[in-house]
Amino acid sequence: MNTFLKSITAMLLAMLCSTSAWAQLQGTDLLNEPTDIAPDFRNFKNTYYLADHVASFDPETASGTIKYIRHEFTTRMAFNNMLAGLDSVGANEFPTTEYAASPELPFSLQFVSDRTVRLKMTSGPQFVDEEPSLMLVNGSALDARSAWSYAKTEEGHSYSSEYGKVVITENPWHIYLYDEEGKLLTSTIHQSDVTNTYTPVLPFSYVRRASDYSRSMAAVMSLSPDEKIFGFGESFTQFNKRGQKVVLWVDDANGTQNETMYKPIPFYMSSRGYGVFMHHSTPISVDVGKYFNAANSMMIGDDEADLFFFLGEPKDILDEYTELTGKASMPPLWSFGFWMSRITYFSEAEGREVIQKLRDYEIPADVLHFDTGWFGVDWRSDYKFPEDRFPNPEKMISDFKDDGFHISLWQLPYFTPKNTLFPEIIENDLAVKDRKGNIPLEDAVLDFSNPKAVQWYQDKLEPLLEMGVGAIKVDFGEAAPANGIYASGRTGFYEHNLYPLRYNKAVADITEEVHGNGFIWARSTWAGSQRYPVHWGGDPATTNTAMSATLRAGLSMGLSGFTFWSHDIGGFVTATPEDLYRRWTPFGMLTSHVRSHGNPPTEPWEFSDEFLEGFRKADNMRYRLMPYIYAQAKHNSEHGWPMLRALFVEFPDDPGSWLIDDQYLFGSDILVAPLFENVEERDVYLPPGTWIDYQTGEVYKGGWHSIEAGEIPIIALVRNGTVLPHIELAQSTKFMDWSKIELVAYSVEGSGASGKIYLPDGESVQDITLQKQNGEYQLVADPFNGEVSWEIRSFEE
């Protein structure tokens with residue numbers, strides 16, 4: 001039995017011997033359970049300060065103060081029901097002369113662009129100097145006040161731009177947001193707005209905890225009838241977050257079908273034409289009309305509220321948000337190829353065998369990933385190839401590159417006590433500390449807020465990258481101790497959610513330094529992580545429902561500023577059923593990045609001959625479409641738009657497109673409907689217009705259709721009037737000939753068709769247009785002046 005088969009046998013035996021499933025249960029007060037601060041805003045012990053009216057305001061600086069009225073929860077019995085509500089109360093401090101019962105505290109507006117407005121408020125004095133924000137691409141927000149005009153109103157103040165208006169009323173205090181046509185988008189909620197309901201709604205306010213006198217803000221905004229809310233990162237629950245409570249706390253979700261998230265992002269967008277970024281790293285709990293359906297309650301752990309509001313349609317909002325927090329860098333071409341992986345390959349011999357079989361079976365591929373087993377001890381991350389299993393890693397990597405392969409290496413930032421690096425980390429104070437100065441966990445958790453720790457870590461990765469390793473798998477990052485003390489001087493309450501962003505940045509920066517690109521393969525995120533692609537979707541079960549939840553997560557991720565995203569084809573947790581793997585494969589192939597990974601077997605030749613042939617066809621489709629994928633990737637990365645996108649991103653005026661969560665657009669022009677059950681056809685919603693089946697050439701008008709999958713088990717349709725560029729099939733992107741491109745016109749009216757082209761090492765994305773002349777399509781203008789040989793045809797040929 002060869003080494004490869006031995007590893008498969010060992011893994012299968014381990015799986016068979018495991019009789020229990022282990023995951024993190026919520027509501028059990030166990031280590032690293034997500035911090036939900038919502039109960040603090042319903043605690044009868046606490047004191048609540050409700051934003052009431054403007055005490056002062058300077059229109060020139062758009063800043064002033066707000067008077068807050070002190071309240072507490074009290075009870076009332078009514079016909080055998082114990083009710084609760086907020087009542088105003090006096091001060092309870094002594095001496096009474098020293099403390100304000102109803103404090104006056106600052107607020108301000110900042111006009112960041114003609115579509116972006118920032119609202120800052122505080123619940124008390126701030127004695128810490130404001131530092132550059134890691135979440136903002138330039139460390140701070142720009143000022144574009146000149147794009148807004150001021151007007152005094154009867155009730156307060158108004159600021160207007162080309163795209164909307166912000167109105168402040170003084171008594172009661174409100175902030176109203178309007179679009180350019182005067183439609184109210186949302187507004188702050190004042191206590192007077194909820195006197196017409198029996199429900200005790202907490203308006204815009206802050207809480208002072210009785211336990212420690214800490215304060216947290218509740219930014220409460222109105223929701224309109226039928227308003228839909230999307231985003232918050234890679235969320236696996238229902239796509240529209242209206243009616244849900246979302247806890248924004250980075251967590252090892254241990255799967256893709258529960259409410260916790262590897263990749264929470266404090267950002268959302270509304271179907272009414274606005275988006276909101278909560279510029280905080282503390283835990284945030286957002287009640288999106290769950291308790292009271294007209295109120296969106298952003299319960300922010302911070303003692304300040306720092307909110308950015310964006311005006312416009314989804315594309316405008318994403319462009320503005322990523323202009324603020326950063327747009328994705330463009331990944332290298334090879335990263336868009338197929339990644340072959342499993343948990344795990346253990347040796348150079350196994351790697352060479354897999355690569356040879358990929359080439360023998362003509363499965364196009366560009367990356368081989370070595371997961372947890374490439375160290376001397378499985379899972380013990382020490383950044384060294386063991387000599388007994390990798391006798392000459394430099395030659396291995398060089399040989400792989402000659403054959404068109406890069407390698408990716410797994411690692412994590414936690415160091416077990418038996419790790420040879422553990423003493424070095426402790427002795428040099430590179431780990432997160434507890435209140436005594438020890439480490440709070442069994443492992444040493446590298447403190448990325450410490451520049452010395454970042455440098456030490458990058459020094460470990462640099463030799464691997466210089467050796468030729470293509471990418472580092474930036475796994476885990478969700479368990480930064482909540483009670484830890486960090487080199488930044490802050491506790492985990494502020495640092496836990498920032499940990500993935502610091503972690504992503506550390507790996508991307510050293511990769512950029514060595515390779516000239518900052519490409520990584522990461523699991524956890526926070527706002528700003530989109531600058532360091534790519535991120536994959538965690539550990540899905542091997543089920544139909546996990547497949548559909550994975551798509552919902554990808555859609556939500558794309559609506560949170562992430563252009564690039566991937567997932568484990570077929571699921572991760574157990575061996576994938578062949579039928580599920582067969583249907584999941586083309587879904588993965590029509591995603592920005594594609595990897596087969598999980599419990600073995602994952603290699604397509606380990607299944608039936610029919611499956612192998614189907615896998616090859618789906619993979620060939622991707623590689624033939626590489627010019628489309630590459631151009632879309634470049635174009636979308638420049639705007640903050642997702643490669644895998646919800647239908648309403650392209651069709652915001654179509655009500656039906658806002659309801660679909662089991663289809664997506666791959667780039668701007670290909671609509672994809674995966675098969676989530678063992679069927680050959682499914683109902684598909686098509687936005688307005690004409691759509692052409694990529695596989696069969698059948699033509700459909702907008703609306704609902706029952707469509708049968710083609711030879712490849714997925715439904716993919718091309719928007720009418722699109723030019724799809726194709727390239728001759730190659731077994732690696734390295735061997736592609738970009739001097740010869742086939743342009744296929746998808747047009748049923750016989751008129752023009754357009755698309756985009758971006759060549760490797762090109763300066764910019766180029767538009768291409770075809771017009772029909774004498775019954776044949778002709779290129780209107782050659783953007784490359786003869787450097788590319790064009791083959792042009794209609795989809796009907």
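1. A word on the basis first. This is a predicted model, in which local features need pLDDT of at least 70 and side-chain atom pairs count only at pLDDT 80 or more, while totals for chains, interfaces and linings use all residues. Residues are numbered from 1 along each chain as its sequence is written, and side-chain values use heavy atoms, with hydrogens and water left out.

2. Have a look at the open sheet: 5 strands make it up, in the order S6-S7-S8-S9-S10, with antiparallel pairing. Its edges are strand S6 (149–152) and strand S10 (184–187), each of which pairs on one side only. From one strand to the next, the twist averages 20°. Strands here are DSSP runs of E with at least two residues, helices are runs of H or I with at least four, and both are numbered from the N terminus. Two strands count as paired if DSSP finds at least two bridges between them.

3. Glycine 156 is placed opposite threonine 169 in S8.

4. On to charges. A salt bridge here is a side-chain nitrogen of Lys or Arg within 4 Å of a carboxyl oxygen of Asp or Glu, and by this rule the count is 44. One network of salt bridges links Asp252, Asp475, Glu478, Arg523 and Asp539.

5. In helix H3 (residues 348–360), arginine 352 and glutamate 348 lie 4 residues apart, about one turn of the helix. Their side chains form a salt bridge at 2.9 Å, N to O. Arginine 352 is partly exposed at 30% relative accessible area, whereas glutamate 348 is buried at 11%. (Buried means under 20% relative accessible area, exposed over 50%, and partly exposed in between, with a 1.4 Å probe and protein chains only.)

6. Helix H10 (residues 578–589) holds aspartate 579 and arginine 583, again 4 residues apart, about one turn of the helix. The closest N and O atoms of their salt bridge are 2.8 Å apart. Aspartate 579 is partly exposed at 24% relative accessibility, but arginine 583 is buried at 2%.

Conventions: Axes are lines fitted to C-alpha atoms, for helices over the stretch in contact, and angles run from 0 to 180 degrees between N-to-C directions.
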